[in-house]
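Hi,

Here is the structure I promised to pass on.

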Amino acid sequence: MKAEIINPFLESARIVIEQVIQISPSTGSLGIKDIVFNKNHIWIQVGMTGQLAGNIVFGLQEDVALRIVSAMMGGFVMTEMDEMGQSAISELGNMISGNASTILYNRGVIVDITPPKLIMLENLTSSLPQRALCIPLLMEGIGELDIQVMIS
């Protein structure tokens, strides 16, 4: 996968995370990863169509998602991933993907995104490919958000 496809997602994630939770994330090591749906994890899947097709999956531990949602809500402490929390974390994936699609458009690549789909182990019905290019974003005091790119 070419850097010109991956970099808009990294750029977008940094911008959105800085705006909504006031933390500057750092980038971990890029690599190919087997997608394993673990207990106590949440995934936000956003499909992409157009000149690029596939899925972007944002993966994070549930406690990290709760810290992100708490930060998004101005510090209101979330202790469980209720409907409001699920909506907020899904919107984070939507914002990152939407911003990335705008960056791609400005670089001459026409794409569209699908609405985010929240995937938790108990409601897993997705048949995603089992390998993806993974870029972890490390957020000090919050945790790690994996951006898993499966685009052709």
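**The largest pocket**

Four strands each give at least two residues to the lining of the largest pocket: strand 2 (31-34), strand 3 (41-50), strand 4 (54-61) and strand 8 (143-151). Before you go on, note that this is a predicted model, where local features need pLDDT of at least 70, side-chain atom pairs count only at pLDDT 80 or more, and totals for chains, interfaces and linings use all residues. Residues are numbered from 1 along each chain as its sequence is written, and side-chain values use heavy atoms, with hydrogens and water left out.

Strands here are DSSP runs of E with at least two residues, and helices are runs of H or I with at least four, both numbered from the N terminus. A pocket is an open set of points on a 1 Å grid over the protein atoms alone, where a 1.4 Å probe fits and protein lies on both sides within 12 Å along at least five of seven lines; lining residues have an atom within 4 Å of a point.

The largest pocket holds about 190 Å³ of space. It is lined by 15 residues, and K33, H41, G59, L60 and D146 are the closest to its centre. Strand 8 supplies the largest share of the lining, four residues.

**A residue in strand 8**

Q148 is also found in strand 8. Is Q148 buried or exposed? Its relative accessibility is 4%, so Q148 counts as buried (buried means under 20% relative accessible area, exposed over 50%, partly exposed in between, with a 1.4 Å probe and protein chains only). Leaving aside residues up to four places away in sequence, Q148 touches K33, I35, N55, I56, V57, A132, L133 and C134.

**Helix 2 and what comes after**

In helix 2 (residues 62-72), the buried residues include V64, A65, L66, I68, V69 and S70. The axes of helix 2 and helix 3 come within 9 Å and cross at roughly 85° (axes are lines fitted to C-alpha atoms, for helices over the stretch in contact, and angles run from 0 to 180 degrees between N-to-C directions). A65, I68, V69 and M72 of helix 2 make the contact with G85, A88, I89 and L92 of helix 3 (contact means heavy atoms within 4.5 Å).

G74 follows helix 2 and has a positive phi, near 75°. Further on, T79 sits in the loop between helix 2 and helix 3 (83-106). T79 counts as exposed because its relative accessibility is 69%.

Cheers

Definitions and conventions
Points joined across faces, edges and corners; volume = space filled by probe spheres on them.
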